Amino acid sequence: MLSFILRRLGVMVLTMICLTFIVFFFVNLEPNLRKLAISQTNMRATDEMIESWLDRNGYHDNFLLQYGRWIGVVQKQPNINPETGQAESRFRYCDDPVEPVYSGILQGNFGCSTNFKKPVGTRLWDGLKATGILMFWVMATMVPAALIIGVLAGMREGSRLDRSLSVASIASTATPEYVSGILFSVLFASWLGWLSASSATATSKGVTFYNFALPVMTMAIYGIGYIARMTRASMVEVMTSQYIRTALLKGVSFRQTVMKHALRNALIAPFTVIMLQFPWLLTGVVIVENMFRYQGFGYMLVQAAANNDIDLLLACGLVSVVVVLATQLISDVGYAFLNPRIRVS
Amino acid sequence: METIGFFEIIAGVVSRLWPVWLAGAIVFAMSFSMRKRLGLYGQLIGNGIGLTGVLICVFWLFAAIFADIVAPFGARDQLAVMKNAFPGSIDAQSGLIYYLGGDNLGRDVFSRIIHGSRVVLVIAPAATLFALMVGMTLGLPAGYFGGKVDSVLSFLANLVLAFPVILLFYLLVTPGIEETIIPKSLAGFFFLFPIIFFCTLFYTRFRTQPEKLSVYIAVTLLVGGWVYAGLVFGLDPLGIMSLEKGELNIFVAVVFASSPGVFRIVRGLTLDIMTRDYVAAAQTRGEGPWYIMLWEILPNARGPLIVDGCLRIGYTTILLGTLGYFGLGMGPESADWGTMIKDGSQLLRLYVWPALVPALALMSFVLGLNLLADGLREESLKD
């Protein structure tokens with residue numbers, strides 16, 4: 001078991017290196033660098049100004065050298081002021097040092113966000129905290145709702161309840177966040193006026209039902225259908241097994257059979273599905289946070305991508321790889337614990 | 001401005017769609033009369049869920065085909081008077097009606113969703129087909145040979161799957177990237193797979209019949225090369241196959257994002273089917289590994305693959321919508337549903353229809369595909 005986890009962690013590190021390398025390659029393409037330079041200097045910068053800004057800040061250095069700096073195995077160099085010849089901080093708003101130092105991911109420095117004018121570490125932490133709150137509420141509504149729907153549908157296969165719940169779950173998987181977001185905003189915010197179509201106040205004034213219900217609903221609805229269908233399939237399988245028939249023939253009531261015998265075994269498979277749902281939620285977070293103007297991880301990712309904020313984008317990439325691979329690992333290990341018939345080799 | 005009532009709007013929309021109803025009626029009349037002989041499709045339309053799925057998909061298919069007849073206006077026609085017009089508003093000058101209202105630039109929403117269905121119905125199935133080809137060509141050997149091939153390919157697939165889709169799109173589908181050689185080289189790489197796939201397919205089967213083999217290979221190379229030249233280099237001599245720069249970029253990004261999923265499914269299916277007796281029999285006969293993969297394993301994996309293909313077209317439609325919603329790749333005036341939702345959602349508080357109508361269109365199409373997939377799964381399990 002331990003060697004399995006260690007091997008998976010090794011793969012995770014390798015994936016992180018490959019992925020950041022690819023992202024690094026893309027953000028350092030000439031058109032993207034120009035985009036960054038224009039947003040950092042001013043809109044009407046001439047080509048020479050852009051070139052000199054990129055040169056001065058080391059964006060034209062050797063590609064591997066730059067990647068090494070970001071990792072923290074090559075020293076970061078301060079800028080040299082061309083007029084005075086003295087070393088000065090690369091990005092003043094991030095307190096970049098004036099002497100060459102090793103300062104990268106390995107040293108715990110995620111770099112400097114050029115768009116938000118803050119160290120990436122602080123900005124990322126704020127964003128993740130905000131998204132964590134959103135995720136918590138999404139999970140808290142999505143998982144119970146999906147499990148209940150799935151169990152009710154799978155309890156009696158082919159019944160009218162099963163049919164209608166199955167169609168409802170298919171419909172919910174056909175509704176991506178940007179569609180359900182529009183539908184819910186129109187219904188609850190524009191027509192009924194019960195809920196706010198903007199969650200901008202949630203960060204400053206705290207989470208309330210009024211400003212938070214719409215994003216949570218929007219995100220939950222897309223996942224519910226999928227988890228419910230998996231739960232239903234698992235429930236149907238359990239309900240046709242021998243021990244359920246035995247229990248029913250012994251005279252245990254249907255309700256008791258479902259609650260005591262079927263549920264526990266039917267909920268093993270959905271556990272994996274729920275864990276693997278996290279990567280999907282990551283995409284959902286980006287759409288929902290931008291639609292409802294909630295300043296979390298997804299909002300940050302889009303801002304970073306739109307402005308080619310190199311360090312922030314790389315950090316976002318790292319975070320998502322960790323989320324995706326960690327949930328995969330948890331789902332595998334957890335499955336082995338829940339289902340004694342399977343042992344991880 | 002004069003408007004017509006709710007029922008008149010419905011009557012108007014229904015009557016505008018007459019070619020769709022006509023074509024649909026012909027198709028269904030023929031399908032039902034030959035139901036017994038149509039195999040899986042025949043069973044599918046006997047199933048409530050499957051039939052609903054087929055109906056919705058056929059509706060959008062014909063809407064896309066007859067878009068020019070159905071839509072009263074062009075996708076980009078603007079009438080300044082009709083800016084944010086209510087559904088059912090009548091243009092005083094021409095007497096034409098904006099059945100589902102006008103958007104913020106005074107374009108007819110109804111015409112735009114009909115024209116937009118073309119973008120979706122061309123790109124989504126085509127991209128899914130390419131993703132299937134890539135996934136099959138790589139997934140079969142990964143499952144069959146195992147070992148190093150499997151580790152390397154699985155690692156690459158997981159790498160792409162670990163990428164947040166939005167980040168991938170922002171990196172691949174920005175105007176800056178379109179200028180570089182990256183989309184073309186990626187397209188060149190991905191579009192090679194169908195040619196490789198079909199050449200191997202025919203070679204393994206007709207190795208001992210050189211006349212047949214040469215015909216098949218020649219046809220594959222000719223058609224494949226023609227599509228390849230048209231899509232990748234924009235050099236189609238007949239001018240039928242061509243993509244705009246942005247479209248190629250989107251196409252490549254969508255294929256890139258969905259092939260690892262296909263790869264995983266094909267690999268899993270291969271691992272499962274490999275243990276069957278008929279594979280062992282083929283191995284004992286001395287068949288080559290590629291023959292076994294393409295002519296023994298693949299045909300037996302078709303059921304789950306068709307179901308997954310349907311679901312995947314829906315998922316690709318959602319991805320295209322995401323791209324449009326973030327304003328990536330598609331032109332600013334593009335009539336695809338994602339862009340329309342993005343444009344409409346800015347004024348959602350005041351004018352509901354410019355965003356609501358394309359949102360419902362996208363939802364109904366994906367729902368149709370999902371129902372179709374569900375019906376297919378149910379029917380194929382019955383055998």
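Helices, here DSSP runs of H or I with at least four residues, are numbered from the N terminus, and the expected span of a helix is 1.5 Å times one less than its number of residues. Helix 16 of chain B, residues 302-325, has 24 residues and reaches 34 Å from its first C-alpha to its last, close to the 34 Å expected at 1.5 Å a residue. Of these 24 residues, 18 are buried, that is, under 20% relative accessible area with a 1.4 Å probe and protein chains only. After helix 16 of chain B comes B:Gly327, whose phi is positive, near 65 degrees.

The model is predicted, with local features needing pLDDT of at least 70 and side-chain atom pairs pLDDT 80 or more, while totals for chains, interfaces and linings use all residues. Residues are numbered from 1 along each chain as its sequence is written.

Chain A is divided into domain 1 (33-109) and domain 2 (121-338), with bounds from an automatic or database domain assignment.

| Domain 1 and domain 2 of chain A | Value |
|---|---|
| Distance between C-alpha centres | 41 Å |
| Buried area (accessible area lost on being put together, 1.4 Å probe, summed over both) | about 610 Å² |
| Carbon and sulfur share of the buried area | 67% |

A:Lys35, A:Leu36 and A:Trp70 supply 68% of the area that domain 1 of chain A buries against domain 2 of chain A, more than any other three residues. The largest share of the side of domain 1 that touches domain 2, 4 residues, comes from helix 2 (residues 30-40) of chain A. In contact, meaning heavy atoms within 4.5 Å, are 7 residues of domain 1 of chain A and 8 residues of domain 2 of chain A.

Conventions
Chains lettered and ligands numbered in written order. Heavy atoms only, no water. Helix = DSSP H or I, 4+ residues; strand = E, 2+ residues; numbered from the N terminus. Buried < 20%, exposed > 50% of the residue type's maximum accessible area, 1.4 Å probe, protein only. Buried area = accessible area lost by both parts, 1.4 Å probe.
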